[in-house]
Amino acid sequence: MACSPEPAHQTPRRGIGEGSPAFTQLLADADKAMSDGKLADAGRLLDEARGLAPESPDLWLAIARLRLRGGEHLTALEAADRALAFGPNYAPALRLRALMVRDAHGAADSLAWFQAALEADPDDPDTLADYAATLGDAGEARASLKAARALARVAPDDSRALYLQAVIAARGRQFTIARSLLAKSGMAARGVPAALLLDAAIGLEEGNADSAAAILETLVARQPANARARELLARAMFDGGRDAELVRRFGPEASLPEASPYLLMLVARAHERLGERAAAAPLLARAYAPARTDPVLLALRDNMPPPVNAIRRALWNRNPAAARAEAKALRARFPASADVAALAGDALLGAGDPRAALTAYALASEARRPWPLTRKAVWTFARHGNPAAAEMLLARQVAGETGNAAALIMLAERQAARGDWRRTALLLDHAMGLGAGHDPALLALRLRAARGARKAAEAERFAALLAEVRPRSLTAR
């Protein structure tokens with residue numbers, strides 16, 4: 001940790017103007033300005049408040065929140081640390097720091113920060129909600145449920161308690177209970193994206209493909225970059241027998257290099273049901289081919305931020321100099337943005353400068369380290385002379401995000417390359433427990449691990465499973 005909470009009997013140091021009516025009003029006005037999207041006004045108000053109480057934890061917490069709202073992720077970290085320097089047991093600052101650690105280092109590393117925040121304020125609804133969600137992401141279902149129920153006790157009207165319990169029930173495949181809890185929360189009815197996604201996923205499991213598709217259409221329109229929502233929409237169309245619509249909607253996307261094996265399979269099966277085996281065959285071949293390891297250039301998409309499409313367009317046009325220039329300009333305008341740093345890393349990697357790309361990725365990961373960023377950094381390290389760094393980064397991702405099947409499989413592949421069949425098997429078994437057991441590449445690797453460990457019964461079982469999921473022929477007849 002960057003700091004440790006003070007004993008409960010010690011009070012944080014306060015600034016001279018702390019608690020004065022003028023200071024309190026300035027913070028309230030700044031909060032309202034942030035809520036209204038008037039970030040410049042909020043900044044001016046906080047500058048004025050800083051003159052009254054420069055060592056107030058409340059002030060520095062507000063500054064951190066403002067910087068986050070403005071996309072200044074890296075300087076927000078500094079402000080959060082200053083809030084904790086002036087108030088080490090200040091619960092709201094501990095909670096914000098916990099969220100930052102979760103974004104940068106994963107759920108597991110952030111739990112101690114959430115626990116410190118709860119020690120400082122055991123009944124804070126926001127901390128309990130975030131703690132419950134993080135425990136769930138860390139694979140601690142029982143502890144997550146306990147925290148969600150604690151939230152329900154301290155804040156009976158907080159809809160997040162019911163939503164979190166719905167998520168836990170759905171993960172445990174108790175879909176009827178999950179549906180009831182989600183409905184009681186009212187969050188899907190209010191259009192909360194995460195609740196909509198959960199609503200659709202439950203609908204698919206219950207066989208309500210058409211209602212799930214309707215929900216997902218709305219969500220995809222709002223979040224065009226949400227690959228998970230797009231794939232669920234394709235599955236809903238497939239389950240609902242809307243094969244022609246599925247091919248029309250997702251056929252062009254299936255032609256892109258970035259298309260996942262899952263989407264390829266759905267579009268291919270839809271072609272088959274339409275009697276179009278010639279169209280299905282190449283898609284099936286791609287779906288069952290070994291996973292590609294090289295990065296691919298993502299397609300331009302409507303409603304994406306203009307800088308993202310500008311850099312992608314330059315790279316699609318084979319103009320890496322323009323992509324690099326766009327990235328440099330963005331970094332100059334937004335030097336504290338982790339999102340811009342990650343985008344700049346993509347541009348630099350596409351322009352053939354892996355060293356500079358890794359520097360940009362490292363800067364971004366100080367504040368945010370989502371799986372796509374880690375995957376690109378792992379590939380770049382591995383391909384440009386530092387496989388040890390690649391494996392360490394991948395292992396940290398798996399430790400911090402235990403529910404990430406893709407990361408587990410990638411780490412398993414590295415363990416298999418060195419002949420560590422026991423660890424390979426453990427990682428792949430965990431990935432299968434998360435629902436990845438229909439992936440033929442995973443099953444083929446698990447079969448190799450069983451044979452490598454000379455476990456004949458296991459090898460026979462996985463050979464049979466692989467035969468079930470692998471199609472007999474990938475060619476049209």
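Biologist: How many Å apart are the mean positions of the positive and negative charges of the protein?

Modeller: The model is predicted, with local features needing pLDDT of at least 70 and side-chain atom pairs pLDDT 80 or more, while totals for chains, interfaces and linings use all residues. Side-chain values use heavy atoms, without hydrogens and water, and residues are numbered from 1 along each chain as its sequence is written. Lys and Arg count as positive, Asp and Glu as negative, with His and the chain ends not counted; each charge is placed at NZ of Lys, CZ of Arg, CG of Asp or CD of Glu. For the 63 positive and 54 negative charges, the mean positions are separated by 6 Å.

Biologist: Is Leu 349 buried or exposed?

Modeller: Leu 349 lies in helix H19, residues 338-350. Buried means under 20% relative accessible area, exposed over 50%, and partly exposed in between (1.4 Å probe, protein chains only). Because its relative accessible area is 16%, Leu 349 is buried.

Biologist: Which residues is Leu 349 in contact with, leaving aside its neighbours within four places in sequence?

Modeller: Contact means heavy atoms within 4.5 Å. Beyond those neighbours, the partners of Leu 349 are Pro 354, Ala 357, Tyr 361, Trp 379 and Thr 380.

Technical notes. Helices (H or I, at least four residues) and strands (E, at least two) are DSSP runs, numbered from the N terminus.
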